[in-house]
Amino acid sequence: MIRNALRRVELGDVPVSTPTGRLVGASGLLLEASGCTLRTGQRCLIETRGDGAGGTAADGWLAAQVVGFRDQVAYLMPFKKPDGLAAGARVLPAPDRASLMIGPQWMGRIVNGLGEPIDGLGRLGGDQPLQMVPPRVNPLRKKPVDEPLDVGVRAINGLLTLGRGQRVGLMAGSGVGKSVLLGLITRNTVADVVVVGLIGERGREVREFIDLSLGAEGLARAVVVVAPADESPLMRLRATELCHGIAAHYRDQGRHVLLLVDSLTRYAMAKREVALALGEPPATRGYPPSVFSLLPELVESAGNGEGEGTMSAIYTVLAEGDDQQDPVVDTARAILDGHIVLSRALAERGHYPAIDIAQSISRCMALVTDRPQQQAARELKQLMARFEQVRELMPLGAYVPGADPATDRAVALWPRIEDFLHQGTHEAAPLAQTLDRLKEVLA
């Protein structure tokens with residue numbers, strides 16, 4: 001009976017020794033350790049000491065990750081603020097078996113970049129291992145983008161139609177309405193699961209996005225990963241990768257997943273901080289070359305897989321100084337399946353959402369729409385271009401009707417076109433209703 005009650009332990013399972021390194025340096029974000037073999041990308045635990053005087057409360061362990069090495073010294077970067085470190089502190093490799101487990105319990109929860117719950121609702125559980133970095137999918141085996149994605153925004157549904165499995169960027173300068181448009185898309189998109197990554201943004205916006213943009217109903221079908229601006233660059237990197245891993249998990253289960261990342265630029269900035277700390281030389285506007293090789297790797301992990309599930313991704317991209325030739329913006333435009341540009345001039349005129357139709361494009365629109373919609377969208381864009389040619393002439397009285405019938409038609413239809421493109425922040429515009437409105441505008 002006693003033998004059955006006790007678990008028999010094999011001698012081979014008992015570790016003979018524990019490899020232990022020592023902390024030999026700390027400079028800014030970068031920590032140096034020596035004394036044991038560490039792999040790049042491996043997680044470690046660093047011993048911390050409490051001061052016993054109200055600073056660090058007690059001794060403990062700080063989680064870090066190996067980001068590089070030189071000779072016999074490994075370079076580590078902590079996930080959280082490195083308080084309580086001392087020269088000679090022990091460095092232990094974290095066990096490989098400490099991987100995340102995911103399950104239905106993750107729905108409606110808010111976690112940080114390590115997958116730890118921060119919503120105060122208790123521990124997370126799961127019955128399936130979660131891969132932090134989604135596996136690569138053979139391009140020839142990917143499910144094609146062949147059905148439209150209803151995002152509930154008239155300007156996008158009618159003129160820039162997206163498809164399930166498409167990856168698109170929302171590009172604009174600061175304060176033009178990227179986050180507001182992202183919230184509108186979050187509430188109205190037809191999807192089984194929504195994975196939201198709030199990366200490097202203001203901490204105040206986290207609560208607002210969850211309460212106002214998602215709401216109780218939206219949060220019930222969502223998983224939110226948060227790494228605000230005051231987190232370490234490594235935590236911001238891990239949070240972005242975790243978003244893609246969660247979305248790929250639900251995609252491979254056969255669900256329709258919408259991945260929202262706000263923002264891709266903050267991810268690039270976090271990678272820049274890590275690369276510069278390691279001594280990589282800056283190249284384009286201070287960004288090291290590794291940033292521009294990492295962005296395609298991240299984006300290619302999104303999109304459809306081999307099964308019936310789909311994974312659509314929308315990234316916000318910050319154009320610093322409204323510069324559409326910003327290196328991150330230019331790279332994102334090249335590697336994504338479309339881009340939606342927000343115009344500051346439209347926002348200043350009170351036009352919301354401030355989508356610049358002329359500068360925006362959906363590369364998958366021809367695959368998911370029929371010919372009548374494509375012709376209607378092309379005609380409306382031509383009318384908008386005609387009106388823009390005479391917009392500044394009209395207040396001066398320099399525009400004379402009758403000289404060009406096409407321009408006269410554009411001027412006559414402009415109030416209806418502008419009303420079609422306007423949309424309130426809590427107004428839903430389903431795809432079928434949008435197509436009917438589009439026909440009415442051109443009638």
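Q: What should I know about the model and its numbering before I start?
A: The model is predicted, so local features need pLDDT of at least 70 and side-chain atom pairs count only at pLDDT 80 or more, while totals for chains, interfaces and linings use all residues. Residues are numbered from 1 along each chain as its sequence is written, and side-chain values use heavy atoms, with hydrogens and water left out.

Q: How much space lies in the largest pocket?
A: First, the general idea: rolling a probe the size of a water molecule over the atoms shows where empty space is left. On a 1 Å grid over the protein atoms alone, a pocket is an open set of points where a 1.4 Å probe fits, with protein on both sides within 12 Å along at least five of seven lines. Grid points are joined across faces, edges and corners, and the volume is the space filled by probe spheres set on the points. Here, the largest pocket holds about 1000 Å³.

Q: Which residues of the lining lie nearest the centre of the largest pocket?
A: Lining residues have an atom within 4 Å of a point. There are 35 of them in the largest pocket, and G41, R43, Q65, F79 and R238 lie nearest its centre. By class, the lining has 21 nonpolar, six polar and eight charged residues; Ala, Val, Leu, Ile, Met, Phe, Trp, Tyr, Cys and Pro count as nonpolar, Asp, Glu, Lys and Arg as charged, and the others, Gly among them, as polar.

Q: Which element gives the most to the lining of the largest pocket?
A: Helices (H or I, at least four residues) and strands (E, at least two) are DSSP runs, numbered from the N terminus. Strand β4 gives the most, with six residues. β4 (60-70), α5 (233-252) and α6 (264-277) each supply at least two residues.

Q: What lines the second largest pocket?
A: This pocket, of about 590 Å³, is lined by 26 residues, with K178, S179, V180, R202 and E205 nearest its centre. The elements giving two or more residues are α3 (178-188), α4 (203-220) and β16 (310-318). Its lining divides into eight nonpolar, ten polar and eight charged residues.

Q: In what order do the six strands close into a barrel?
A: Two strands pair if DSSP finds at least two bridges between them. The barrel order is β1-β2-β5-β4-β3-β6, with antiparallel pairing. β3 (residues 43-48) and β6 (residues 90-93) pair over three bridges, and I46 stands opposite V91 in β6.

Q: Which strands stand at the edges of the open sheet?
A: Eight strands form that sheet in the order β8-β14-β13-β15-β16-β12-β17-β18, with mixed pairing. β8 (110-111) and β18 (361-362) stand at the edges with a single partner strand each, so one side of each is left without a neighbour in the sheet. Within the sheet, β15 (residues 256-262) runs parallel to β16 and is joined to it by six bridges; V257 has M311 as its bridge partner in β16.

Q: Where are the cis peptide bonds?
A: One joins D262 and S263, with omega about 10°, and S263 lies in the loop between β15 and α6. Another joins Y352 and P353, with omega about -5°; P353 lies in the loop between α9 (344-348) and β18.
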